[in-house]
Structure formats: C-alpha cells, structure tokens
Amino acid sequence: MSKLKKEVASYAIIGFGNIGQALAKAFARNGIEVSVATTRNPESFAAAAAAIGPEILPTTLAEAVKADVIFLAVRFESHPDVAKALPNWQGKIIVDVTNAYGVPPEKLGGQPSSRFVAQAFTGGKLVKGFNHLIAAILDQDPTVHGGRRVVFLAGDDEGAVAEIGALAENLGFSPIKLGGLSEGGLLVQARGNSWGQLIFKDLVKFD
C-alpha cells in the first residue's frame, strides 16, 4: 500500500544583484537549495553563486520559474519582463521583494505597488515580503543579540502568506503578518517618493 509523500517546495530567486545574493546567503546558511537566475547566461554568475555555497544553483530564467516559490528580487521596472516567462502562474507563490520608490502613484493606477505587480503574474499568489531590509542587513545572519530579525509579510491569500512565514522561520527570521496587500502591504511599500512606515526598520524580535 503506497503512502502519499509530502512534497518539499522548490525555490528560486529571480535577480542576483545585492538583494538576490543576500537572499541566496540566507538559503545557504540553512542548507536549503535555491535556484538563481537573471536574464543573463547562468555561466556569467556561476562563480558568484558557487562562492555562496553548493545550495545555490545558477540556472536560466525559463528553468527558474518552474519552482513553486519564486522570489522577485529585480528592479521594480523589470517585473513585467519576468512575468512574461510564463503565460500563467497558477499554483505558484511570488514573493515580491521589489520597491517602487520614485514611481508616481498614478502610474500604478493609485494601487499599492504589490497589487500592481500581482496583476502581471496571472494566476499566481503574491506575497509582499523581505523588501524592508537593505541588502547590507539582509545579507547578515538574522540572529542578533539573542533575538531574530523581523520580516514583514502581506498578502491576500492566507495559505500563501502562511507558507512564506514558515519559510522565513526556516531561514532564521521572525515573520510578522500585516494582513492584505491593500492594508498591511501599504506599511511596507514605497508610494511615490515616500517609503512605507516599516521599510528599512532594523527590527529584532526577542524570544
């Protein structure tokens, strides 16, 4: 009699700049494999990936988007290019790490930036998160002074937010759920030339 196996989610980071590499280090510190991709040939950043650890797997964009959970660590303006990699994102969670600082609110139709991003990823479940820490902080071990560094999460799908919350804990962070994209999301989203109230706050949670 066969037993159903609980499948382990697969992860990918799209974008391998300062933020993408900082996220990759979080995965490597905890022995969790993650694919990394850009629009470039993976051979061009393979050495940088190898320097982080064997868990970091350089690949093509077409391969990376096959993952279950995809961290969007590109410039805000580049998210439509990533979205075109698949006609439908059904069954996938997209973690929006972008910041739309300097983008006029009217260009976003007056919407929160992550809701605007979500529209590009048809069928996907978008969670806003990991965007409030600058790369230099995100790059560090989140265990600080006996506590854990906080990451804020917001999303309209409770199941997706819960899954990313569990992943954040596995990566050593303390997740704080803020609610939906239009409520809690605004606390961690840039709007025009103003930062969200919780962006770039160096918060630590003590157990």
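This is a predicted model: local features need pLDDT of at least 70, side-chain atom pairs count only at pLDDT 80 or more; totals for chains, interfaces and linings use all residues.

The structure holds 1 cavity of 30 Å³ or more, where a cavity is a set of points, on a 1 Å grid over the protein atoms alone, at which a 1.4 Å probe fits but cannot get out. About 50 Å³ of space lies in this largest cavity, a volume being the space filled by probe spheres set on the points, which are joined across faces, edges and corners.

Residues are numbered from 1 along each chain as its sequence is written, and side-chain values use heavy atoms, with hydrogens and water left out.

A pocket, by contrast with a cavity, is an open set of points with protein on both sides within 12 Å along at least five of seven lines. The largest pocket has a volume of about 300 Å³, and of its 17 lining residues Ile19, Val74, Val97, Thr98 and Asn99 lie nearest its centre. Its lining has 12 nonpolar, 3 polar and 2 charged residues. The second largest pocket holds about 220 Å³ of space and is lined by 14 residues, with Gly15, Ala73, Val74, Arg75 and Ser78 nearest its centre.

Which residues touch the most other members of the largest nonpolar core? They are Ile13, Phe27, Ile56, Phe71, Phe130 and Phe173, out of 36 residues, and such a core is a set of buried Ala, Val, Leu, Ile, Met, Phe, Trp, Tyr and Cys residues joined through side-chain atoms within 4.5 Å. Buried means under 20% relative accessible area, exposed over 50%, and partly exposed in between, with a 1.4 Å probe and protein chains only. Helix α1 (residues 18–29) gives the most to this core, with 6 residues; helices (H or I, at least four residues) and strands (E, at least two) are DSSP runs, numbered from the N terminus.

The buried residues of α1 include Leu23 and Phe27, and both of these are touched by Phe71, where contact means heavy atoms within 4.5 Å. The 12 residues of α1 should span 16 Å at 1.5 Å a residue, and its end C-alpha atoms are 17 Å apart, which agrees; the expected span is 1.5 Å times one less than the number of residues. Just after α1, Gly31 takes a positive phi of about 65 degrees.

Phe130 is found in the loop between β6 (125–129) and α6 (135–138), and counts as buried because its relative accessibility is 1%. His145, in the loop between β7 (143–144) and β8 (147–155), counts as exposed because its relative accessibility is 72%.

Technical notes:
On a 1 Å grid over the protein atoms alone, a cavity is a set of points where a 1.4 Å probe fits but cannot get out, and a pocket is an open set with protein on both sides within 12 Å along at least five of seven lines; lining residues have an atom within 4 Å of a point. Ala, Val, Leu, Ile, Met, Phe, Trp, Tyr, Cys and Pro count as nonpolar, Asp, Glu, Lys and Arg as charged, and the others, Gly among them, as polar. Lists of a residue's contacts leave out its neighbours within four places in sequence.
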